[in-house]
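I opened this notebook to record what I looked up in one protein model. The entries run from the overall fold to single side chains.

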Amino acid sequence: MTSTQESVSRIIEMAWEDRTPFEAIAVQYGLDEQGVIKLMRKHLKPSSFKIWRKRVSGRKTKHLKLRSPDVSRGYCPTQYKQR
């Protein structure tokens, strides 16, 4: 997998995560929310894109300004298993 393919894959993964704000994607990859939407539209099947848009529309955790100050990390502590 090339670096570009890896970056696209990681951006898609971050976009699907509930607690990863669009601002974090912008810092790491230089894509604002509209850029992420364009990338998702290009790389997902139409049905998957519609599901994703419905999921993130209005989700408070996807925008730092709307996020509760109680949410200080990018993922739930039980999301990743300790090895």
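The entries below follow the order in which I consulted the structure.

**Entry 1. Conventions.** I note that this is a predicted model, in which local features need pLDDT of at least 70 and side-chain atom pairs count only at pLDDT 80 or more, while totals for chains, interfaces and linings use all residues. I number residues from 1 along each chain as its sequence is written, and side-chain values use heavy atoms, with hydrogens and water left out.

**Entry 2. Fold.** I looked up the secondary structure and found 4 helices and 0 strands. Helices (H or I, at least four residues) and strands (E, at least two) are taken as DSSP runs, numbered from the N terminus. Along the sequence the pattern reads α-α-α-α.

I then turned to contacts, defined by heavy atoms within 4.5 Å. Of the contacts between residues at least 6 apart in sequence, 60% join residues at least 24 apart.

**Entry 3. Surface and burial.** I recorded an accessible surface of about 6,200 Å², with 53% of it belonging to carbon and sulfur atoms. Accessible areas come from the Shrake-Rupley method with a 1.4 Å probe, and for residues only the protein chains shown count as cover. Buried residues account for 29% of the 83 residues. Here buried means under 20% relative accessible area, exposed means over 50%, and partly exposed lies in between (1.4 Å probe, protein chains only).

**Entry 4. Nonpolar core.** Which residues have the most contacts inside the largest nonpolar core? I found I25, V36, M40 and W52, in a core of 15 residues. The elements that give two or more residues to this core are helix 1 (3-16), helix 2 (22-29), helix 3 (33-43) and helix 4 (46-56). Helix 1 gives the most, with 5 residues. A nonpolar core is a set of buried Ala, Val, Leu, Ile, Met, Phe, Trp, Tyr and Cys residues joined through side-chain atoms within 4.5 Å.

Leaving aside neighbours within four places in sequence, V36 is in contact with A15, F22, I25, L31 and W52.

**Entry 5. Aromatic pairs.** I counted 2 aromatic pairs. Rings of Phe, Tyr and Trp (its six-membered ring) pair if their centres lie within 6.5 Å; planes under 30 degrees apart count as stacked, over 60 as edge-to-face and the rest as tilted. F22 and W52 form an edge-to-face pair, at 6.5 Å centre to centre and 90° between the planes. F22 lies in helix 2 and W52 in helix 4, so this pair ties together parts that are 30 residues apart in sequence. Both F22 and W52 are buried.

F49 and W52 form a tilted pair, with 6.0 Å centre to centre and 40° between the planes. I note that F49 and W52 are 3 residues apart in helix 4 and therefore separated by about one helical turn. W52 counts as buried because its relative accessibility is 0%, and F49 is buried with a relative accessible area of 9%. F22, F49 and W52 form one aromatic cluster.

**Entry 6. Salt bridges.** How many salt bridges does the structure hold? I found 3, where a salt bridge is a side-chain nitrogen of Lys or Arg within 4 Å of a carboxyl oxygen of Asp or Glu.

R10 forms a salt bridge with E13, with the closest N and O atoms 3.3 Å apart. R10 and E13 both lie in helix 1, 3 residues apart, or about one turn of the helix. R10 is partly exposed at 29% relative accessibility, and E13 is partly exposed at 40%.

R10 also forms a salt bridge with E17, the closest N and O atoms being 3.7 Å apart.

R55 forms a salt bridge with D18, at 2.8 Å between the closest N and O atoms. This pair links distant parts of the chain: R55 is in helix 4 and D18 in the loop between helix 1 and helix 2, 37 residues apart. Both partners are partly exposed, R55 with a relative accessible area of 34% and D18 with 27%.

**Entry 7. E17.** Is E17 buried or exposed? I found E17 buried, because its relative accessible area is 14%. E17 is placed in the loop between helix 1 and helix 2. A polar contact of 2.6 Å joins the side chains of E17 and T20. A polar contact is a pair of N or O atoms within 3.5 Å; within protein, one must be able to donate a hydrogen and the other to accept it, and residues adjacent in sequence count only if both atoms are side-chain atoms.
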